[in-house]
Amino acid sequence: MTLIKSISGIRGTIGGPVGQGLTPLDVVKYAAAYGTWVKTQATDSKLIVIGRDARLSGDMVSRLVAATLQGLGLDVCDLGLSTTPTVEMAVPAKSAAGGIILTASHNPKQWNALKLLNANGEFISDTDGQQVLALAESEGFDFAPVTKLGQYTTDNTFLKKHIKAILALPLVDVEAIKARNFRVVVDAVNSSGGFAVPQLLEALGVTTIEKLHCEPTGDFAHNPEPLPEHLRDIAKVLEKGGFDLGIVVDPDVDRLALVSENGEMFGEEYTLVAVADYVLKALGGGNTVSNLSSTRALRDVTEKAGGSYAAAAVGEVNVVTKMKETNAVIGGEGNGGIIYPELHYGRDALVGIALFLTHLAKSGLTVSRLRNTYPGYFISKNKIELTPEIDTDNVLVQMQKRYAKQPVNTIDGVKIEFDKEWVHLRKSNTEPIIRIYAESETNATADYLAQKIIGDIKEIIAVKA
C-alpha cells in the first residue's frame, strides 16, 4: 500500500519496505515538511500541539514527530493519548502555530496518519496541503543549530478543559440529563474514547455506564469504523434490556454512532439530524451544512425550522468552509461527524453526545421513539476496490455521460438525482476505492439503486479492460 495524501493529511499502513506504507522515514519527512510550512506562516508562535489515539504505532510515530519538530527549532506540547477534537481545541487555546493529530481515524489498527492543523485548530486547506506536499518532495528543510532546538513539554489536562467547555455551552442542560438517570453502554474500540467518553458522561451526571472495549490498548476488538456490521457486541448488550442508549465512537473520537435501547442502530446519518433538530429548535431556526453524501433528512428538519440547508464537497475542511460562508449554526457529515461552531469548527463526538443527551432528556422519549420522529430515508453505502490500471476519473466521466438527462452535480465526484432518490460516486481520499452512496425511502430501493450503478461501473471498467 502506497501513502495516501489528502487534504486531511498523510496516511498509510505501518511496516514494510520504504515506499510502501507509512514508514518512520515518511513520518520524519512529512513532519519536517509541515514544520517548515508552519515557519512560513504569519505567526509569532513556534509552538506545535500534538496528540494521538491509542493505536499500536501511536507512541512510536508521536516520538518521531516531536523530535523532528524540535529539530526544526519548534516547541512541542504533547497531549499524549487524546482525541482529535481535544487537540483541535488546544491549538488556539495555547496560541500555537498549528497542530498534528496522530490517528488514522476509522482505519484498521495497522494504519496511522498525520492529520495537520492550522493556527485555528482546523484542518489545513487544500492549497496549504499542496505546499506541504511540495516541501516534502523537495526535502527543502532547514534544521536548527544545536543551540536553538525546540523544547518538549506535556499537558494531560486538556481533556478536562474540553469537557468543561462542553458543559458550559448554553444548549447543554446537565440538570435535565441528570434527572433522566440514563443508563448507557459505551463501545470505544480500545482507543481514546475509552476514557474520554466515560469522563464526559460522569461530568454530565450519568452514573450507570457499561464499558465495552474501553481499555485503550490500540488492539481494536473489531473494525473501528462505526458501521452496523461492526457493532454486534454493543447491540447484543442492549438487546438484553436494562439500558437506555448505546454510544460508539471511532478511535480518535470525532465520529459518533448511537444504538437504541432495543439494540437497533439509530443510524450514523441520523446522529447529525437529531442533534441539528435540537439545536435548530432551541435557537428558533438557523442554517445547516452537510456533505453531498449525507442524508436529505438534514435538509428536511432545517427547512421545517425555517432555516436554509447547503451541501459541501466531502471532507471536513470543505464542510467547515461552507459553514462559515453560510453562517451555519451546526453542520457535519453523515458519518456521525458533528461540527458545532459554538464550541469549535471540528467534528466532535463529545459535544455531539452532550447535545444528544440533552435533546433526549428534554424530549422525554426513548431513543427508538425519537428516531421515529425523523424522515425515513435509507442510505446504501457501497464501494468498489480499485486496481492501478483502472482510470477512475474516466469511469466518473462515463457515468456522468450515461445519466446526462438527470440532474448531475460534479463539485465532488458525480452525484445524480432521481426524484427523491440520489446516488453519489466519488474517489476516496483515504483508500483506493470508489464509494457509491445511494439514498431512497426504503432500504430495498436504495440497495437496488446502488447495485444498478455498480453494474454500470463494472460495465465501463470491462469495456476499458
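This section describes a sheet, a helix, an annotated domain and several salt bridges in a predicted model.

Seven strands make up an open sheet with mixed pairing, and their order is E1-E2-E6-E5-E3-E4-E7. The edges are taken by strand E1 (4–6) and strand E7 (152–154); each has a single partner strand, so one side of each has no neighbour in the sheet. From one strand to the next, the twist averages 15°. Within this sheet, strand E3 (residues 47–52) pairs with strand E4 (residues 75–81) in the parallel sense, over five bridges. Cys-77 in E4 is the bridge partner of Val-49.

Helix H9 spans residues 268–283, which is 16 residues. The distance from its first C-alpha to its last is 24 Å, close to the 22 Å expected at 1.5 Å a residue. Of the 16 residues of H9, 13 are buried, so the helix is largely enclosed by the rest of the structure.

An unreviewed UniProt entry carries the annotation "domain: Alpha-D-phosphohexomutase alpha/beta/alpha" for residues 8–139, 172–263 and 270–372. Residues 172–263 are 28% helix and 21% strand, and their end C-alpha atoms lie 26 Å apart. Residues 270–372 are 51% helix and 15% strand, with end C-alpha atoms 11 Å apart.

The whole structure contains 25 salt bridges. One of them joins the side chains of Lys-362 and Asp-173, at 3.0 Å from N to O. Lys-362 belongs to helix H12 (residues 349–363), while Asp-173 sits in the loop between helix H5 (158–167) and helix H6 (174–180), so the pair ties together parts 189 residues apart in sequence. Asp-173 is partly exposed, at a relative accessible area of 25%.

A salt bridge also forms between Glu-268 and Arg-255, whose closest N and O atoms are 3.2 Å apart. Glu-268 is in helix H9, and Arg-255 is in the loop between strand E10 (245–249) and strand E11 (256–259), 13 residues apart. Glu-268 counts as buried at 11% relative accessibility, and Arg-255 is buried with a relative accessible area of 2%.

In helix H15 (residues 443–464), Lys-452 and Asp-456 are four residues apart, about one turn of the helix. An α-helix has 3.6 residues a turn, so residues three or four places apart point the same way. Lys-452 and Asp-456 form a salt bridge, with closest N and O atoms 3.1 Å apart. Lys-452 is partly exposed at 38% relative accessibility, whereas Asp-456 is buried with a relative accessible area of 5%. Finally, a network of salt bridges links Lys-115, Asp-252, Asp-254, Glu-316, Glu-333 and Arg-347.

Technical notes: Residues numbered from 1 in each chain as written. Predicted model: local features only at pLDDT ≥ 70, side-chain atom pairs only at ≥ 80, totals over all residues. Heavy atoms only, no water. Pairing = 2+ DSSP bridges. Helix = DSSP H or I, 4+ residues; strand = E, 2+ residues; numbered from the N terminus. Axes fitted to C-alpha atoms, helices over the stretch in contact; angles between N-to-C directions. Expected span 1.5 Å × (residues − 1). Buried < 20%, exposed > 50% of the residue type's maximum accessible area, 1.4 Å probe, protein only. UniProt positions renumbered as here; feature names shortened; annotations may be inferred. Salt bridge = Lys/Arg side-chain N within 4 Å of Asp/Glu carboxyl O.
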